[in-house]
Amino acid sequence: MLNSLRKRLRSEEKGFTLIELLVVMIILGILTAIAIPSYLSFKDRANKSAAAADVRSIIPTVESYFSDNGTYSGMTIAGLKSTYDQALNASIYAVDNSLTDTTYCVQATSQNKTYRKNGPSAPIEEAACS
């Protein structure tokens with residue numbers, strides 16, 4: 001093998017053989033087969049984390065509304081944005097219509113991933129407000 005490479009280098013032949021090109025194509029195919037699923041997995045986890053973080057970021061605003069009004073009834077995203085947090089992106093949040101004096105349901109959607117917090121003591125979970 002080395003002798004043929006040396007002979008080729010001495011004889012001034014330029015370019016790649018078909019076998020060399022096929023080996024490179026196979027290596028690229030294997031790397032692509034590994035990289036694409038990993039990328040999609042990373043992207044999915046990032047979208048889930050973003051939606052959960054969005055829910056976490058609106059909770060202080062919701063609790064400020066409760067401390068000022070003594071109830072969660074009447075709370076809207078537009079009202080929270082105008083009164084408590086002007087930086088709130090109203091297009092990603094939703095508040096459930098069945099608000100009571102002591103419970104609420106707030107959800108955030110990021111790239112088709114939806115997370116919610118269904119009340120002050122509930123955990124953040126992957127679901128929409130019902």
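**Salt bridges in the predicted model**

Being four residues apart in helix α2 (residues 18–69), Asp44 and Lys48 are separated by about one helical turn. The model shown in these views is predicted, and a search of the whole structure finds three salt bridges.

**View 1. Asp44 and Lys48 within helix α2.** The two side chains form a salt bridge, with an N to O distance of 3.8 Å. Asp44 is partly exposed at a relative accessible area of 28%. Lys48 is likewise partly exposed, its relative accessible area being 26%.

**View 2. Asp44 with Lys113.** A salt bridge joins Lys113 to Asp44, and their closest N and O atoms lie 2.9 Å apart. Lys113 belongs to strand β3 (residues 113–117) whereas Asp44 belongs to helix α2, so this pair ties together parts 69 residues apart in sequence.

**View 3. Arg116 with Glu125.** In this salt bridge the closest N and O atoms of Arg116 and Glu125 are 2.8 Å apart. Arg116 is buried, because its relative accessible area of 14% falls under the 20% limit. Glu125 counts as partly exposed, with 30% relative accessibility.

**View 4. The network of Asp44, Lys48 and Lys113.** Asp44 pairs with Lys48 at 3.8 Å (N to O) and with Lys113 at 2.9 Å between the closest N and O atoms.

Key. Residues numbered from 1 in each chain as written. Predicted model: local features only at pLDDT ≥ 70, side-chain atom pairs only at ≥ 80, totals over all residues. Heavy atoms only, no water. Salt bridge = Lys/Arg side-chain N within 4 Å of Asp/Glu carboxyl O. Helix = DSSP H or I, 4+ residues; strand = E, 2+ residues; numbered from the N terminus. Buried < 20%, exposed > 50% of the residue type's maximum accessible area, 1.4 Å probe, protein only.
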